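Here is my note for you, as a few numbered points to read alongside the model. Take your time and find each residue on screen as you go.

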Amino acid sequence: MTKMVALPFASSEQRNRFFNQRVGDLKLNAVWNYVVSNNNPNWKGDPLLHHMHYHSTEHMKQVTALALWLLDKEAQQPWQYDTGALPLAVACMFHDMDHSLGRLNDESNIRLAQEAFKKYLTLCEDERIKDHEAIILDLIDITRFPYMKNRHPKNLIERCIRDADILYGMQDDALDVVMFALRHEVNRSVNTNTRYNQEQWAQGRVDFIRSVESYCPTADAMMDWLLAEDNDHNHQDKIDDWMRHEVSFRDTSAHKLKANDVLFIDTQEDSTPKRRLIERVETVHPYLNIYFDGGEAISLRDGESCVVVERRK
């Protein structure tokens, strides 16, 4: 029987707390604020992709949390975390910066991320980050896809960023962006004529995951459990359930929102975009105050675009 090894974060709130604590401990809040303010993925011409893309700022945040968690678990001596956490965190924060969202191959995407990091260095006053420039650039490069046999991770922190980048998509609250947004990005590619419909994407997802090597024993054990047939809630089962509901996402305008609509959106309290059921809408011109059934609320301008979620079943 496959050993049960769960993913580290039971909720987005727990993951956010972990991220905030570790980034604060490393004194890297200024770096993260820069990324949030300056990341500019190429969604242009696709309003839906503007709100819902896989290679997002939130993706880089979650990969940072997962990579630091892995480093903590995999480090055999305290110095391995103490010396590796800073370059690992910074690399995770930048590794998909200014992503083309399918318009360029990943070699070009990596180059964009590395250039964004180098640009940050011209403004950075943190000598620790400058001292780790070469290591951080190598860490960003090890996430380049497709993974090649001549480009294996060569040390612990490279293993952590590589595994965290894949584990991100195995989390329950990433399933919508994996099944819809990532497919949407791949289908935008100008370098290949391959286009995937939802059924093809769902059928190939687990085979793709199985083809990717995990380098950290902790990540490998988690992957084994998440894909195991004797796990009643394995990744394939969750994909099958997602497909049964025939989920669709649609770009709309805030003034059309009403109670019982479901938005795919983040909030000030929770940076993770997810489905949120609208309890009520109040108009305070020119804004709409949207109240969700979980107690959270947001304000949108009445003409602002957003994404609603619909299920046919």
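1. Start with a group of rings: Y34, F94, F117 and Y120 make up one aromatic cluster. Rings of Phe, Tyr and Trp (its six-membered ring) pair if their centres lie within 6.5 Å; planes under 30 degrees apart count as stacked, over 60 as edge-to-face and the rest as tilted. Please keep in mind that this is a predicted model, where local features need pLDDT of at least 70, side-chain atom pairs count only at pLDDT 80 or more, and totals for chains, interfaces and linings use all residues. Residues are numbered from 1 along each chain as its sequence is written, and side-chain values use heavy atoms, with hydrogens and water left out.

2. How many aromatic pairs does a search of the whole structure find? The search finds eleven. One of them joins F94 and Y120, a tilted pair with 5.7 Å centre to centre and 45 degrees between the planes. F94 belongs to helix α5 (residues 78-94) and Y120 to helix α6 (residues 106-121), so this pair ties together parts that are 26 residues apart in sequence. Helices (H or I, at least four residues) and strands (E, at least two) are DSSP runs, numbered from the N terminus. Both F94 and Y120 are buried. Buried means under 20% relative accessible area, exposed over 50%, and partly exposed in between (1.4 Å probe, protein chains only).

3. Now look at the strands. F249 and F264 form an edge-to-face pair, 5.9 Å centre to centre with 80 degrees between the planes. Because F249 lies in strand β1 (residues 247-253) and F264 in strand β2 (residues 262-265), the pair ties together parts that are 15 residues apart in sequence. F249 and F264 are both buried.

4. The largest one has 84 residues, and L28, F94, I129 and F249 have the most contacts inside it. Helix α5 gives the most to this core, with ten residues. Apart from it lies another core, of twelve residues, among them L257, I278, I298 and C306.

5. S248 is buried, with a relative accessible area of 17%. Not counting residues up to four places away in sequence, S248 touches V308, V309, E310 and R312, where contact means heavy atoms within 4.5 Å.

6. C160 is in no disulfide, and its nearest cysteine sulfur, that of C216, is 4.0 Å away. C160 is buried at 0% relative accessibility, and C216 is buried at 1%.

7. Finally, visit N109 in helix α6. Is N109 buried or exposed? At 3% relative accessibility, N109 counts as buried. Its side chain makes a polar contact with the side chain of D106 (3.2 Å). A polar contact is a pair of N or O atoms within 3.5 Å; within protein, one must be able to donate a hydrogen and the other to accept it, and residues adjacent in sequence count only if both atoms are side-chain atoms.

Technical notes: A nonpolar core is a set of buried Ala, Val, Leu, Ile, Met, Phe, Trp, Tyr and Cys residues joined through side-chain atoms within 4.5 Å. A disulfide is a pair of cysteine sulfur atoms within 2.5 Å.
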